[in-house]
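Biologist: I'm new to reading structures. Could you walk me through a few features?

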Amino acid sequence: MRIVLLGPPGAGKGTQAKAMAGELKLAHISTGDLLRQNVAQATKLGLEAKDYMNKGLLVPDSLVTMMLEDRFGQADVKNGFILDGYPRTLNQAKTLDAILARRAMKIDVVFDLDSSEAVIVQRLSGRLVCRKCGALFHRTNMPPKREGVCDQCGGQLYQRDDDKEATIKKRLAVYRSEVAALLEYYRTAGILTTISADDDAAVVLKKIIQKARSIK
Ligand code: AMP
């Protein structure tokens with residue numbers, strides 16, 4: 001099964017994608033994670049992407065497409081995947097269809113996680129990420145057992161530069177201006193399912209898994 005997960009920053013996309021990947025045995029492909037890895041490793045791609053990311057702007061399509069083509073070439077993708085953070089624009093949705101068509105694949109379902117602005121700001125401004133393994137925590141909603149330390153690998157937790165309040169607002173504005181056409185594209189294709197994401201993560205996950213299994 002091939003899934004696209006849409007939703008504003010803070011709707012819980014990353015958390016849900018990781019949990020879904022485990023439950024449904026699918027590869028989790030997060031363009032944000034892939035870009036952050038490139039930034040951390042100071043690759044050529046990372047150096048080019050870094051400024052856009054810190055400003056809350058989209059990284060140019062040429063860079064993201066190249067990175068994605070590379071990821072789709074890896075073996076684990078053959079059993080299905082969850083795309084998280086891509087596509088973000090209509091142009092990217094069309095590029096994705098073209099990349100998949102060349103590999104005789106297509107998207108089966110698009111989940112749109114729908115969330116209110118107040119919930120988004122509360123979630124993002126408290127979000128903590130492990131520097132080492134990428135695990136996600138939240139200062140109040142999902143605190144680590146030891147402050148500043150990852151429960152899973154003992155790595156150091158940090159707040160992403162783009163999770164500061166001013167950048168959150170910028171990222172939300174970018175998201176809203178781009179997503180309408182994207183939703184319409186997938187609605188017209190008949191593969192869009194909207195899920196309310198203001199509930200607890202476990203409740204949201206249950207709804208998604210139920211729907212995914214009904215499609216399989
Ligand atoms: P995310 O972790 O999905 O919130 O992404 C973090 C940042 O990475 C975004 O604010 C963008 O700067 C960049 N990024 C991630 N995915 C994409 C994409 N599909 N197209 C362009 N830029 C992206």
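**Reading rings, charges and a loop**

Modeller: Happy to. Keep in mind that this is a predicted model. Let's start with Tyr185, which is partly exposed at a relative accessible area of 24%.

Biologist: Is Tyr186 buried or exposed, and why?

Modeller: Buried means under 20% relative accessible area. Tyr186 has 2% relative accessibility, so Tyr186 counts as buried.

Biologist: How many aromatic pairs does the structure hold?

Modeller: Two. In one of them, Tyr185 and Tyr186 pair up, with 5.3 Å from centre to centre.

Biologist: What kind of pair do Tyr185 and Tyr186 form?

Modeller: Look at the angle between the planes: over 60 degrees counts as edge-to-face. Here the planes are 65 degrees apart, and the pair is edge-to-face.

Biologist: Which ring does the charged end of Arg131 sit over?

Modeller: That would be the ring of Tyr158, with the charged end of Arg131 4.3 Å from the ring centre.

Biologist: Okay, now the loop. Where does Asp76 lie?

Modeller: Asp76 is in the loop that runs between α4 (61-72) and β3 (81-84). With 36% relative accessibility, Asp76 counts as partly exposed.

Biologist: Which residues does Asp76 touch, leaving aside those up to four places away in sequence?

Modeller: Ala27 and Arg71. Sequence and space tell separate stories for Ala27: Asp76 and Ala27 are 49 residues apart in sequence, yet their C-alpha atoms are 6.2 Å apart in space.

Biologist: And what does the side chain of Asp76 make with the side chain of Arg71?

Modeller: A polar contact, at 2.7 Å.

Terms used
Residues are numbered from 1 along each chain as its sequence is written. This is a predicted model: local features need pLDDT of at least 70, side-chain atom pairs count only at pLDDT 80 or more; totals for chains, interfaces and linings use all residues. Side-chain values use heavy atoms; hydrogens and water are left out. Rings of Phe, Tyr and Trp (its six-membered ring) pair if their centres lie within 6.5 Å; planes under 30 degrees apart count as stacked, over 60 as edge-to-face and the rest as tilted. Buried means under 20% relative accessible area, exposed over 50%, partly exposed in between (1.4 Å probe, protein chains only). A charge sits over a ring if NZ of Lys or CZ of Arg is within 6 Å of the ring centre and within 35 degrees of the ring normal. Helices (H or I, at least four residues) and strands (E, at least two) are DSSP runs, numbered from the N terminus. Contact means heavy atoms within 4.5 Å. A polar contact is a pair of N or O atoms within 3.5 Å; within protein, one must be able to donate a hydrogen and the other to accept it, and residues adjacent in sequence count only if both atoms are side-chain atoms.
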